[in-house]
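Please look over the sequence and the structure below before reading on. The report that follows takes up a few places in turn.

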Amino acid sequence: MRKPYLYLAAALSVFAFESGCASLGVKAYDRDLLSRDEMRLDANPVDGAIDEHLYFSKEASSGGRSYAGGGCGCN
Amino acid sequence: MAASCALLGAGAAQSQEADGAQKEQSQLSRILEGVSFDSALAYYREDGRIQAIEPVVNLSKTFAGGEIATLNITFDSLSGASPNGALPSNVPQTFASPSGTSLITGRHLYTIAPGRLPADPNYQDDRIAVAGEWELPLSRLTHLSLGGKLSGEDDFISATLSASIAQDFNEKNTTVLLGINNEFDSLRPIGGAPVPDSDYAAFDKDGTKSKDGLGVLLGLTQVMTRRWLSELNLSWDRFHGYLNDPYKITSVLDASGNTLGYVYENRPDERTRRSVYLENRVAWSNVSAGLSLRYMQDDWQIHSETAQAHVHFSFANRQQYLEPSMRWYRQTAADFYTPWLTEEKPVTGFQASDSRLGAFHAFTYGVKYAYKLSSDAGLAGSEFSVRLEYYQQIQDHRLAAPVLLQNLDLYPGLKAILVQFGWRF
């Protein structure tokens, strides 16, 4: 199975790219767009939790964004 | 004179009342300072199967020292028809609900008409989950977060503890997070936990079962540019214990497709999963967009890919927004998944016909509309929203059906809708 290694290599490349470039980023006074509510990575935690619960009980995969688990899913 | 005294007296009383009201209001605003409230009422319905009502309340308060306390309460009420894992047949099939102890006596029995997917029509379950989190700054750049969650159903209790530490670098443009969680579950299946692989007609069941899970998450969040934010997560988790669905059975067929009987599913008692998750968000003046990708694999040989995108359009001076979204998901089957069994024993020694372990792909189409009240209105800054979603699963890699079952829909998939109303401030 080559696919997982390809994904891992791609992820590590992004990781190295992101962490290796200290020049990335902006000054605090340039965060007007990033500070908007909708730009928060957890902008809609309740929507996210309801969707996660749906997918957890209907699919074999869960989590990734945060921890997986948390229920029986027996239906 | 008396009239003017009365007027003055009334004026003083009114002024005292106004002072009191002002004090109460300022006390209330002091209590509400730093508080955010998020709530939703969701209704979920599958085509001819389960329906659920789910109210959720999420309350958090930020204290002067930067600590954040969060409390989440979720309630689910599920009812309807839950597929039991057996295949449709050309003849009527009779099953017992989990509380049944015989396939002969009339109580707790249900009969499925020819051609219909076997599903227990009396499924009913309620769940309540309470979660809390306490986030505290250890320094200007380091945050510790401790959490716990308790979830209870009629036949299931789950407790989870979690801890994570986040460190900011590079003028807070880079955040690295390391988290760990531990879950302990106790299962008390209605009627008892069936012995895996046992004959369904034998009602060979025993008592309470348990499983536990350990998860680790390593995350990196990076501000890329003024408009672009990126997050990368690597996660790993391992579950150990009773991993069967105690209510799922598998049909046993002869070569022509006649049903010879049913056996309870038998999954391995350990499962390890790994995932990579990448999310990017980009903002323009009144529009922002997000795209997330996830790859997950486990040692049951399930591999899945997920892509999810949304676009956020703000309008009416940012008091309203519209957010269409789309999600695509695909998974391969577990190596022990089989829609039915023959008289030969499965190669892996394990078997399950639960379609959630089969190969399928799924789409979700969604849209959310929200209206924010202006901050000087009655419910200052409140946001009211409505969200609609349509979810569809289509099963892949269908095996050729035995001759007697070729006219039946053995892979019905799943269609569902979700309607959600939200209020937050």
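Which residues does Tyr369(B) touch, not counting residues up to four places away in sequence? In this predicted model, Tyr369(B) touches Leu322(B), Ser385(B) and Val386(B). Tyr369(B) itself is found in strand β20 of chain B, which covers residues 360-372, and it counts as partly exposed because 14 C-beta neighbours lie inside 10 Å. Another residue of chain B, Leu232(B), is 137 residues apart from Tyr369(B) along the chain, and the C-alpha atoms of the two are separated by 28 Å.

Strand β16 (residues 270-283) of chain B is joined by 11 bridges to strand β17 (residues 287-298) of chain B, and the two run antiparallel. A hairpin of three residues connects β16(B) to β17(B), and one of the paired positions is Leu278(B), whose bridge partner in β17(B) is Leu293(B). On from there, β17(B) also pairs in the antiparallel sense with strand β18 (residues 303-315) of chain B, again over 11 bridges; here the bridge partner of Ser292(B) is Gln308(B) in β18(B). Between β17(B) and β18(B) there is a hairpin with four residues, and the turn holds Gln301(B).

As background, most residues other than glycine have a negative phi. Gln301(B), although not a glycine, has a positive phi of about 70°, and Arg318(B), also a residue other than glycine, has a positive phi near 65°. The table sets out these two residues.

**Chain A and its helix**

The secondary structure of chain A comes to two helices and zero strands, and buried residues make up 35% of the 75 residues in this chain. Helix α2 of chain A, covering residues 45-58, has 14 residues, and it reaches 20 Å from its first C-alpha to its last, which is close to the 20 Å expected at 1.5 Å a residue. The buried residues of α2(A) are Val46(A), Asp47(A), Ala49(A), Ile50(A), Asp51(A), His53(A) and Lys58(A). What covers these buried residues includes four strands of chain B, namely β1 (35-46), β2 (50-62), β21 (383-395) and β22 (414-424).

**Where the chains meet**

How many residues does the contact take from chain B and from chain A? The contact takes 73 residues from chain B and 42 residues from chain A. On the side of chain B that touches chain A, strand β13 (residues 228-241) of chain B gives the most, with eight residues. Sorted by class, that side of chain B has 28 nonpolar, 28 polar and 17 charged residues.

Notes:
Residues are numbered from 1 along each chain as its sequence is written. Chains are lettered from A and ligands numbered from 1 in the order in which they are written. This is a predicted model: local features need pLDDT of at least 70, side-chain atom pairs count only at pLDDT 80 or more; totals for chains, interfaces and linings use all residues. Two residues are in contact if their C-beta atoms, placed from the backbone, lie within 7 Å. Ala, Val, Leu, Ile, Met, Phe, Trp, Tyr, Cys and Pro count as nonpolar, Asp, Glu, Lys and Arg as charged, and the others, Gly among them, as polar. The expected span of a helix is 1.5 Å times one less than its number of residues. A residue is buried if 20 or more other C-beta atoms lie within 10 Å of its own, exposed if 12 or fewer, and partly exposed in between; C-beta atoms are placed from the backbone. Two strands pair if DSSP finds at least two bridges between them.
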